[in-house]
Structure formats: C-alpha cells, structure tokens
Amino acid sequence: MNLLSVENLSKGFGGKQLFKKISFGVNYGDKVALLAKNGSGKTTILNILKGLEIPDEGNVVFKKDIKVGFLEQDPKLQGGNTIIEVLLSAENPISKALREYENALNAHALDPMSEKNADRLDAATNEMTLLNAWDAEVRMQTIAGKLGLTNFEQEIKTLSGGQRKRLALACLLLNEPDLLILDEPTNHLDIEMIEWLEHHLSTAVKSLLLVTHDRYFMDEICNQIIEIDNHQLYHYKGNYQYFIEKKAERMMIEASEVDKARNLYRKELEWMRRMPKARGTKAKSRITSFYETEEKAKKKKETQKIDLSVKMSRLGSKILELIKISKSFGDKHLLSQFSYTFKNGDKIGLVGKNGSGKTTLLNIILGTEPSDSGKIATGDTVVFGYYSQMGMSIPEDKRVIEIVKDFGEFIPLANGTTMSASQLLTRFNFPPEVQFGYASKLSGGEKRRLYLMTILMKNPNFLILDEPTNDLDIETLQTLEDFLVDFNGCVLIVSHDRYFLDKIITQVFAFQGDGIMKDFPGNYTEYRNWQDEQEEIKREQAKQPAKRIEEKVVPPSPVKQTKKLSYNEQREVEELEKEIAKLEEEKRVLSEELSSGTLDHKDLLEKGMQLKTIEDSLETKSFRWLELQEKMEA
C-alpha cells in the first residue's frame with residue numbers, strides 16, 4: 001500500500017540546482033533513509049513534503065486519510081504551557097479522554113466535597129475505561145521518561161533546544177501516525193535514549209522516512225536507502241551496509257562508463273570539427289549522440305574529498321593534568337575527586353546521560369567554568385581547538401570568504417606549505433560560487449563544516465569536540481574520522497554517534513551519576529559489552545543470598561568430604577584451565593570483530609551467536625572449575 005508518492009520533483013535556489021526530476025515512494029512498512037551531502041536539499045525535500053516550500057516542478061501525493069507526523073530539526077511546540085499540556089494536546093479520542101481525566105482529577109483535588117466535581121471525575125474515569133485509555137497514560141509516561149522528560153509540570157519556556165526536540169519526538173510517537181517523517185531524530189538524544197528509540201522503531205510496524213547521519217541507527221532500522229547525488233536520486237533496497245557496498249559498485253561502473261565515453265568523445269569530436277555538410281537522418285542522429293557522449297565524458301569521476309591536513313602545533317611532554325576535580329550543582333554531584341593525566345595520543349570519549357556533566361567537564365578544562373575544588377595544570381605548548389555543539393556565530397551578511405579571511409589570509413599545512421583562504425575553502429568542498437556568496441545561504445550542515453574548518457585553521461594539538469557529528473553529512477564524517485584517527489595530539493569527544501566513537505576513541509570516561517566517573521580502556525561498544533557483563537554479574541549475585549538461606553535449612557551431610565581430588569579430577573582441572581583460557585581468547589577476538597564496524601548485518605548476526613555459545617560454554621566450565629576448587633579446599 002503506497003502512503004507517499006513523489007514524482008519528478010525539482011528544486012533550485014538562485015541558480016543552484018538541488019535536485020532534478022527525482023521520484024520515489026514510501027509503502028506501508030517501508031523504513032527509508034534519505035542521504036545526501038550538506039546543501040544538496042534533504043531538508044528542502046522534507047519542507048516540500050510538509051507544504052512549507054513549493055517545488056519548481058513535480059508532485060507530492062499522500063494517500064488519502066492517512067495520518068502523517070513530522071519531526072523538524074527545530075520544532076515549534078504548540079498545545080500548552082507545560083510538558084503535560086503539550087503531551088495531551090493531540091486531537092484524538094484517547095488524548096481528549098486523558099485531558100479531561102487530568103482536569104477532572106485536579107478539580108476534585110481542589111474541592112473534594114463538590115458533588116459536581118465528583119460526578120465529573122466519575123464520568124472521566126468511565127470514559128477512560130471505555131476507551132481503554134489507562135494503558136495510554138502509562139505509555140505516555142514511559143515514552144516521556146525514556147526521552148528524559150520526567151517533570152511534567154515544567155514550563156515550555158524554560159526548556160532547552162534539546163528538551164524541545166525530545167518533547168516533539170515524544171508527542172509524535174504518542175500520536176502514532178501512519179507515516180513518520182523525521183529530520184535528524186537522534187540529535188539532542190544521549191546514547192541510552194538513541195538505543196531505546198532504535199529498539200522502539202525497529203520493533204514497531206511503522207512506515208518511516210528519515211534524514212539521519214547516525215550509521216548504526218540507520219543500519220538497525222532502515223530497509224531502504226535513497227541517495228541524492230549530483231542532482232539525481234539513487235535507490236538501494238537494503239540497510240546502510242548494503243548501501244555502502246552497492247554505492248561502491250555504482251561508482252566503479254560509472255567511472256568505467258566515463259572512461260569509455262571519453263575515448264568515444266575524442267573520435268566523435270574529430271568528426272564534428274569537419275563540419276559535415278550532409279545533414280541526413282543518420283548524420284543528425286550521430287550529432288545528437290555526440291552531445292549525449294560529451295555530457296557523459298565531461299562528468300567528474302568522483303567528487304573531490306575534503307582534505308583536513310592542516311598543520312598541528314608541537315605538543316610538549318607536559319600536556320594536561322586534572323587533580324581531584326569536583327563539581328556539583330545544588331544536590332546534584334557531577335564530579336567527585338576526579339583525577340587524570342593526559343598522554344600524547346589520548347583519544348577519549350565522554351559518555352553519559354544528558355545533564356550528567358559531560359559539557360561541564362569540557363568547560364572546566366577550558367577554564368570557562370570553575371570547579372568546586374581541585375586543580376588543573378595545563379602544559380605551555382597546549383593549543384586547544386574547541387568545537388562547541390552550539391556552533392559558531394556566523395554573520396549572515398558577510399561572504400563566506402570574508403569569514404575565513406578573518407582567521408588568516410594564508411594557512412600553514414602539515415607538509416610545510418601554505419594555502420590561501422580560497423584554496424582551503426575549495427579543499428573543504430566550498431566551490432567559488434559558494435565562497436563569494438553570503439553566509440545566510442549556507443545550509444545548517446555547511447555552516448557546521450565551515451565551523452570545523454575554522455577550528456582546524458588554529459593549528460590545535462588538543463581537540464575538544466562537543467557533539468561534532470550533528471548536521472554533518474556522512475562524507476564529511478568519514479573524512480573527519482580518518483583525520484582524527486591519524487591525529488597525533490589529544491582528542492576529547494562528547495558524541496551520541498556510536499559509530500563515530502567506535503572508529504576513533506581508545507578510552508571511555510563514563511559519567512555514572514552521583515559524581516562517579518568510570519575510566520574504561522576501549523571503545524564505546526567494548527564499554528557497553530563490559531557494562532552488560534557487570535549487570536549480569538549483579539543479577540547473579542542478587543540470587544545468591546536466597547540460595548545461601550536455602551542451604552542453611554538443609555541438614556548437614558553425614559558423609560565426610562574428601563579433601564584431595566582424584567587423579568581424574570586433577571586431570572579435569574588442568575584441562576578446564578586450558579579450555580577456559582582458550583575460550584577467553586576466542587571471546588576477546590570475537591568481541592573485537594563485533595566492535596570493529598566492518599561487518600555486514602549477516603556476519604554480525606552469525607558472530608553474535610558464536611559469542612553467545614562461547615559465553616555459555618565459558619560459564620559452564622568456569623562453574624565446574626569452581627566446584628572442583630571448593631572440593632579441594634574443603
């Protein structure tokens with residue numbers, strides 16, 4: 001069943017063509033991701049679907065009588081002054097019943113002796129029961145809670161941009177539209193929220209069209225990818241890993257076709273230059289074919305990749321030392337006596353729930369926020385490069401080239417040469433027509449890319465990146481990842497992008513609440529696996545007291561315990577120790593493969609099952625080894 005049909009859609013701004021005659025559709029059950037470079041028209045397409053912009057040509061048709069829900073990058077909330085009022089603002093029978101029940105409950109609480117209020121509460125309660133709306137109330141609390149919205153009476157005007165985005169997402173999920181259209185749904189969510197949303201959307205039978213840069217999220221949820229490249233649309237029926245494979249194949253085929261077209265073009269150009277006088281049917285057909293060949297031959301083989309090879313300032317032996325840093329806001333403890341000495345080459349990711357203190361720690365390091373106690377010692381050679389999630393203040397009335405020249409006319413590169421501001425902009429995929437245009441015409445992603453460029457122009461040797469992946473296209477993300485992997489200085493990252501973290505970091509600072517910081521060696525996936533293991537151990541330990549109580553009521557056995565193991569049992573212990581060591585190594589290798597980010601969906605599933613089998617065997621053999629050890633020590 002077709003829910004959305006887009007036919008021959010075209011749109012351009014001021015001579016810049018975004019897309020031309022693209023067509024696609026969304027059927028019931030489809031979960032489609034829309035990919036394109038920054039400035040290629042992703043948000044414009046969503047605005048056209050919503051009716052906020054008019055296409056130059058083409059049609060958009062939604063199936064009649066379906067409910068469509070939109071999540072914008074910067075949503076405008078309507079329906080009340082508090083979180084609960086906005087959550088209950090949907091115009092459907094269940095939401096109306098919930099609103100009336102809440103109002104009746106409040107009125108009865110103010111005047112419990114009023115017969116009118118009692119009758120109103122009875123009627124509202126009956127309506128809730130009739131519509132089976134009690135489950136809806138629990139669902140509302142669950143969804144809002146998972147998205148970090150726990151104070152239902154908080155006023156909308158006090159909410160941050162991230163809280164507004166999460167509230168808009170909660171409203172959308174509660175309204176259960178037939179088709180969800182989401183613009184960067186993972187922005188402003190912490191990793192725990194993203195994992196919950198990922199599970200919620202992947203298990204629900206929903207139809208989705210989304211714009212996202214989160215590759216793990218896309219890989220887990222989407223069954224189709226559509227990509228806008230060079231004004232055209234390409235359709236891939238599979239997840240993100242499938243898209244990567246098939247796009248590489250397409251690029252190879254296109255490069256081969258361009259080479260063939262260039263060879264043919266050279267021959268046909270010679271014929272055209274002779275200006276044939278005979279203009280018969282065959283000659284005209286050949287002339288038409290010549291112009292088609294010319295267009296294909298002049299097509300670029302591949303887009304120039306961004307080169308981030310700017311110069312890095314020398315980093316001395318003393319870098320940065322945090323000595324017993326503590327920080328609290330009222331009763332909320334973010335850091336307690338935290339100490340760490342940074343080493344050259346450290347690549348550390350900060351993870352934790354929203355509000356746990358990640359950005360606060362960055363501000364303490366940069367000196368923009370004081371700690372309650374402790375000391376920070378910074379080396380003389382340290383040059384910080386700080387990428388704030390708030391972005392830079394870009395003057396809309398200035399040209400892009402003028403903004404960059406404010407940082408310097410010439411920029412030193414890693415190879416010892418220099419480059420002009422215009423050349424550097426070109427290297428960052430800002431062509432001349434964009435360079436001399438006004439900043440107001442840049443897309444959100446282009447502004448982020450410009451901001452990143454100005455950070456690197458300062459030649460930092462200690463990068464502090466607060467949510468650097470927001471609004472960047474995947475091509476820029478891949479380039480940034482490669483740059484950070486090869487970066488010789490220190491990197492401290494706050495990010496909700498798990499793929500990005502797994503690719504770069506070798507250490508995790510995990511904010512666990514109440515001032516506790518866990519310093520974990522490894523990437524994010526390895527940390528999550530360790531966390532799961534710890535939770536499993538806690539669950540097992542919670543069962544132990546009950547077992548010990550049961551053991552106490554059992555009469556002691558009159559049989560005398562043997563203190564020595566038999567020959568066969570001793571052999572069994574030796575074999576178990578060898579097998580346990582082998583299984584531990586197999587587990588380590590599999591865990592590294594699973595967290596490498598290089599496996600396709602099929603391999604991930606297969607190796608995940610292998611890991612589960614190994615863990616089960618390891619548990620059985622370890623338990624038997626413990627039994628034999630206890631017997632030996634009895």
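How many helices and strands does the protein chain have? The protein chain has 20 helices and 20 strands, where helices (H or I, at least four residues) and strands (E, at least two) are DSSP runs numbered from the N terminus. This is a predicted model, in which local features need pLDDT of at least 70 and side-chain atom pairs count only at pLDDT 80 or more, while totals for chains, interfaces and linings use all residues. Residues are numbered from 1 along each chain as its sequence is written, and side-chain values use heavy atoms, with hydrogens and water left out.

Of the 634 residues in the protein chain, 45% are buried; buried means under 20% relative accessible area, exposed over 50%, and partly exposed in between (1.4 Å probe, protein chains only). Among contacts between residues at least 6 apart in sequence, 67% join residues at least 24 apart, a contact being heavy atoms within 4.5 Å.

Two strands pair if DSSP finds at least two bridges between them. Strand β1 (residues 2–13) is joined to β2 by eight bridges, and Leu-9 stands opposite Ile-22 in β2.

A second open sheet has six strands in the order β5-β6-β7-β3-β8-β9, with mixed pairing. Its edge strands, β5 (68–71) and β9, each pair on one side only. At the β5 end, β5 and strand β6 (residues 179–183) run parallel over four bridges, and Gly-69 has Leu-180 in β6 as its bridge partner. At the other end, strand β8 (residues 224–229) pairs with strand β9 (residues 232–236) in the antiparallel sense over five bridges. Glu-227 is opposite Tyr-234 in β9. The hairpin of β8 and β9 has two residues between the strands, and Asn-230 there takes a positive phi near 55°.

Helix α1 lies across β3 (31–36), β5, β6, β7 (207–211) and β8, at about 145° to β6. Seven of the nine residues of α1 (residues 42–50) are buried, so the helix is largely enclosed by the rest of the structure. The buried residues of α1 are Lys-42, Thr-44, Ile-45, Leu-46, Asn-47, Ile-48 and Leu-49. Gly-51, with a positive phi near 90°, follows α1.

Next come α5 and α6. The axes of helix α5 (residues 134–146) and helix α6 (residues 161–175) come within 9 Å and cross at roughly 150°. Arg-139, Met-140 and Ile-143 of α5 make the contact with Ala-170, Leu-173 and Leu-174 of α6. These contact residues divide into five nonpolar, no polar and one charged, with Ala, Val, Leu, Ile, Met, Phe, Trp, Tyr, Cys and Pro counted as nonpolar, Asp, Glu, Lys and Arg as charged, and the others, Gly among them, as polar.

Ser-420 counts as buried because its relative accessibility is 18%. Not counting residues up to four places away in sequence, Ser-420 touches Glu-409, Phe-410 and Ile-411.

How values were computed. Axes are lines fitted to C-alpha atoms, for helices over the stretch in contact, and angles run from 0 to 180 degrees between N-to-C directions.
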